[in-house]
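Visitor: Please take me through one part of this model in close-up. I would like to look at the charged pairs and what surrounds them.

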Amino acid sequence: MTLLTYLRADLAKLMKRRDKVALNAVRDAISAIENAETSYVSTPATVGAPNEFVAGTVRFGHAERVVTELTAQQMMALAREQVELRLTEAANYRAAGRVDQALTLKAEALGLADRLDAFAAE
């Protein structure tokens with residue numbers, strides 16, 4: 001079982017429990033991993049050969065998606081990065097006097113860190 005499948009399974013449980021704080025953190029970790037795995041081919045596909053009326057046509061709106069599997073260490077590093085990002089933002093909010101937002105971000109970071117530690121223990 002990869003970290004991504006573990007977090008997706010945990011996501012369903014969090015939705016049933018309506019745990020919004022942990023749900024936000026787990027969703028962001030899943031998105032970070034999926035975004036790192038996916039890249040798109042930047043050259044558009046050409047349609048037909050150029051002729052005397054059209055210099056060349058390109059099919060817009062179509063991109064080829066390339067998915068590369070990340071290693072377990074890379075997935076864990078991306079998820080840990082989400083925890084660190086939340087802790088940094090919480091410190092910034094606290095310095096700005098926005099204690100409520102700081103506490104929310106800190107709770108999200110702790111919830112995600114607990115899930116990562118539980119996965120690592122398995």
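Guide: Start with Arg 86. At 6% relative accessibility, Arg 86 counts as buried, because the cut-off for buried is under 20%. This is a predicted model. Arg 86 lies in helix α3, where confidence is highest, at a mean pLDDT of 94.

Now its partners. The side chain of Asp 28 meets Arg 86 in a salt bridge, 2.4 Å from N to O. Asp 28 lies in helix α2, so this pair ties together parts that are 58 residues apart in sequence. At 35% relative accessibility, Asp 28 counts as partly exposed.

Glu 108 also forms a salt bridge with Arg 86, with the closest N and O atoms 2.7 Å apart. Glu 108 sits in helix α4, 22 residues from Arg 86. Glu 108 is buried, and so is Arg 86.

The structure holds 5 salt bridges. Another of them joins Arg 115 to Asp 10, the closest N and O atoms being 2.5 Å apart. Arg 115 is in helix α4 and Asp 10 in helix α1, so the pair ties together parts 105 residues apart in sequence. Both Arg 115 and Asp 10 are buried.

Next, the nonpolar side. The largest nonpolar core has 24 residues. Helices α1, α2, α3 and α4 each give two or more residues to this core. The largest share, 7 residues, comes from α2. Leu 112 is among the residues with the most contacts inside the core. Leu 112 touches residues including Val 26, Ala 79 and Val 83.

Note on methods
Residues numbered from 1 in each chain as written. Predicted model: local features only at pLDDT ≥ 70, side-chain atom pairs only at ≥ 80, totals over all residues. Heavy atoms only, no water. pLDDT = per-residue confidence, 0-100. Helix = DSSP H or I, 4+ residues; strand = E, 2+ residues; numbered from the N terminus. Core = buried A, V, L, I, M, F, W, Y, C linked by side-chain atoms within 4.5 Å. Buried < 20%, exposed > 50% of the residue type's maximum accessible area, 1.4 Å probe, protein only. Contact = heavy atoms within 4.5 Å. Salt bridge = Lys/Arg side-chain N within 4 Å of Asp/Glu carboxyl O. Lists of a residue's contacts leave out its neighbours within four places in sequence.
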